Amino acid sequence: MSVEKKTALPPRIYLSPPHMSPAERELLLEAFDSNWIAPLGPHVEAFEREFAEKVGVKYAVALASGTSALHLALLILGIKPGDDVATSTLTFVATANAIRYVGANPVFIDSQANSWNLDPELLAIELHEASQRGRPIKAVLAVDILGQCADYDAIQQLCKQYQIPLIEDAAESLGATYQGKPAGGFGEIGCFSFNGNKIITTSSGGMLVTAKKEWADQARFLATQARDPFPHYEHSVVGYNYRMSNLLAAIGRGQLSVLDERVHRRQENYRFYQETIGTLPGIVLAPELPAGRSTHWLSCITVDPEQFGATREDIRLALERENIESRPVWKPMHMQPVYSSFRTRGGAVAERLFVDGLCLPSGSNLTTADLNRIVEVIQSVGETACVSSQPKSS
Ligand SMILES: Cc1ncc(COP(=O)(O)O)c(C=O)c1O
């Protein structure tokens, strides 16, 4: 019997895996031993306090997910069934889903080419035309995509002009800044995610932040089944089971204490990619607004196949063959079967990013050897493309 020789694959490099330190383990065990195994407890309160301080916002409410934070934000700001809410088309589906949870309609706005975030010029046109049509936009839900804040000077100005609330979906951008201020504080309400792939994680979790005590109280009330203040269970409005567990808050506290280091490491990854593959013809790293500082939660590139000689899908498959995970940039919401019938302003920039954009491994625990493995694959795709595109000698 012949024994087939199998070459073992090198260990898998993931796109954005969790990065824990001993502090998280200790805090988790302490929470476990204290028997506060509940969606309330001392770690929840401490995590909220420490998080609010870090983000520079007065109040923070720890929740089960970023999606639940977005849902509660829309409810608290009074968005009703049939209302129109302007949002980025280039985002993760949770942003649009939250708008639908309250029965409102997303109006998708294209990305600006220099940040990939919601284009304020298109937003201005949409706000103006919607008012002219007699059906004004009721809120703006701006997304800070891939680690970078949206262009808030312009967006805040527009929300002020039209007297509508701004919600900031900062799920992907904890630790980023814009005009020197931390992500999360630019809207009436800001929302964060601690999902497993985020810059810090509690496995699943989220945070709602706001400067208004009344809204923070309302978020806590709605997130705990809207229980009225009686000794028995009394309810006068529909509530949700959206609070974060004390165990997960313990992990969150440990993670928050190393946030700056995590941000720094991801920014170093970006710089490494910039210096190695960013110089290859046809490869451009995701741009940064001069007014902001991205965490580069995910380091992404665009690939011009004419110049590079291969597509982003060629690169993705080559990486996959080497057991390296990468992922196309978000497929815009207006291209998703579930959302293609909703109004969209522009769309060509986000569509192009979906075709040419690729998110590379970006974890804060990537080693230099990992990074070298990744860039070597990409460089070799480029070199092979160069060779195969050279005219053959007769
Ligand atoms: C832009 C954006 N919004 C919202 C969410 C939802 O967060 P969660 O997964 O914690 O519900 C995510 C990520 O997961 C996201 O990337």
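Reply: One term before we start: a polar contact is a pair of N or O atoms within 3.5 Å. Keep in mind, too, that this is a predicted model.

Okay, the ligand. It's surrounded by 16 residues, and the closest are Gly-66, Thr-67, Asp-169, Glu-172 and Ser-193. With Gly-66 it's the backbone instead: one of its N or O atoms lies 2.8 Å from an oxygen atom of the ligand.

Now for the nonpolar side of things. The largest nonpolar core has 60 residues, and Phe-51 and Ile-155 have the most contacts inside it. Helix α2 (residues 42–55) gives this core its largest share, five residues. Both domain 1 (22–258) and domain 2 (260–386) supply at least three residues each. Who does Phe-51 touch? Beyond its neighbours within four places in sequence, Phe-51 is in contact with Ala-60, Leu-174, Phe-192, Phe-194, Met-207, Val-209 and Leu-256. There's also a second, separate core of 28 residues, including Leu-74, Val-85, Ala-219 and Ala-223. As a rule, nonpolar side chains in soluble globular proteins tend to be buried together.

Last, a bit of sheet: three strands form an open one in the order β7-β6-β11, paired antiparallel. Strand β6 (residues 177–178) is joined to β7 by two bridges, and Tyr-178 has Lys-181 in β7 as its bridge partner.

How values were computed. Residues numbered from 1 in each chain as written. Predicted model: local features only at pLDDT ≥ 70, side-chain atom pairs only at ≥ 80, totals over all residues. Heavy atoms only, no water. Core = buried A, V, L, I, M, F, W, Y, C linked by side-chain atoms within 4.5 Å. Buried < 20%, exposed > 50% of the residue type's maximum accessible area, 1.4 Å probe, protein only. Helix = DSSP H or I, 4+ residues; strand = E, 2+ residues; numbered from the N terminus. Domains from an automatic or database assignment. Contact = heavy atoms within 4.5 Å. Pairing = 2+ DSSP bridges. Near = heavy atom within 4 Å. Polar contact = N/O pair within 3.5 Å; in protein donor to acceptor, adjacent residues only side chain to side chain.
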